[in-house]
Amino acid sequence: IGMTEQDMINLALEENFAAAVVVDTADIVCDPIFRPCCEENLCGQYGVNYTCPPDCGTPEEMEQKIKSHKRALVLQTIWEIPDMSDTAATKPAKKAHNAAQLRLAKKFRESGVPGFLVGASGCALCSPCHLKNGEPCPHPLERYSCMSAYCVFVQKLAERCGIDYDCGPGLLAFFGMYVFN
């Protein structure tokens with residue numbers, strides 16, 4: 001039969017997520033105003049990663065991908081990082097967040113809950129991404145785009161879920177989702 005939404009939440013909490021909340025995808029606010037965050041290319045993945053703009057799709061296509069499914073498990077991790085611009089601290093935290101999401105997604109799929117991930121950063125399954133060499137993606141089912149690529153208004157999503165977006169001084173939260181039916 002697969003697993004219930006409560007089973008999914010319990011698995012996420014066992015995986016050390018600080019919060020795990022299921023929402024209707026209709027309640028997820030996407031706003032193309034966030035696409036320039038990707039275009040600034042602060043992460044260095046713009047145009048060189050299948051899961052990042054412009055290759056992942058337009059803001060409208062990305063929103064439609066989420067809204068074509070009914071539910072999303074919103075996931076949050078919290079890290080002791082005083083300065084969010086400290087990439088030496090944020091990069092490993094995002095990597096750990098996404099690794100935990102990948103482990104969860106595998107368990108969900110194996111339990112009969114197909115879906116897809118939205119990461120705290122773009123896909124890093126291959127380094128560099130095969131796009132760089134003009135090769136097809138070897139992980140089309142596992143790859144994931146970030147919340148910014150989907151233009152998700154993360155602060156509004158956190159509020160909708162009853163999750164703190166701003167966790168206080170010295171703490172930084174990362175968000176992701178598993179989108180399913």
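## Loops, spaces and charged pairs

Pro-128 is situated in the loop between strands E3 and E4. Helices (H or I, at least four residues) and strands (E, at least two) are taken here as DSSP runs, numbered from the N terminus. The model is predicted: local features need pLDDT of at least 70 and side-chain atom pairs pLDDT 80 or more, whereas totals for chains, interfaces and linings use all residues. Residues are numbered from 1 along each chain as its sequence is written, and side-chain values use heavy atoms, with hydrogens and water left out.

Most residues other than glycine have a negative phi, and most peptide bonds are trans. The bond from Ser-127 to Pro-128, however, is cis, with omega near 0 degrees. A cis bond also joins Pro-53 to Pro-54, where omega is near -5 degrees; Pro-54 belongs to the loop between H2 and H3. Asn-41 is likewise in the loop between H2 and H3, and has a positive phi of about 60 degrees although it is not a glycine. Cys-151, in the loop between E4 and H5, has a positive phi near 60 degrees.

On a 1 Å grid over the protein atoms alone, a cavity is a set of points where a 1.4 Å probe fits but cannot get out; a pocket is an open set with protein on both sides within 12 Å along at least five of seven lines, and lining residues have an atom within 4 Å of a point. Grid points are joined across faces, edges and corners, and a volume is the space filled by probe spheres set on the points.

The whole structure has one cavity of 30 Å³ or more. The largest cavity holds about 90 Å³ and is lined by 13 residues, with Asn-49, Cys-123, Cys-126, Cys-129 and Cys-137 nearest its centre. The second largest pocket has a volume of about 230 Å³. Its lining comprises 15 residues, of which Lys-65, Pro-140, Arg-143, Ser-145 and Tyr-150 lie nearest the centre. Strand E3 gives the largest share of this pocket's lining, three residues.

Seven salt bridges are counted, each being a side-chain nitrogen of Lys or Arg within 4 Å of a carboxyl oxygen of Asp or Glu. Arg-71 and Glu-5 form a salt bridge at 2.7 Å, N to O. This pair links distant parts of the chain, Arg-71 in E2 and Glu-5 in H1, 66 residues apart. Asp-27 and Arg-160 meet in a salt bridge at 3.4 Å, N to O. Asp-27 lies in the loop between E1 and H2 and Arg-160 in H5, so this pair ties together parts that are 133 residues apart in sequence. In Lys-106 and Glu-110, the closest N and O atoms of the salt bridge are 2.9 Å apart. Both residues lie in helix H4, four residues apart, about one turn of the helix. Elsewhere, salt bridges that share partners join Glu-5, Asp-24 and Arg-71 into one network.

Several of these residues may be set side by side by accessibility. Buried means under 20% relative accessible area, exposed over 50%, and partly exposed in between (1.4 Å probe, protein chains only).

| Residue | Relative accessible area | Class |
|---|---|---|
| Asn-41 | 30% | partly exposed |
| Cys-151 | 1% | buried |
| Asp-27 | 29% | partly exposed |
| Glu-5 | 28% | partly exposed |
| Lys-106 | 52% | exposed |
| Glu-110 | 58% | exposed |
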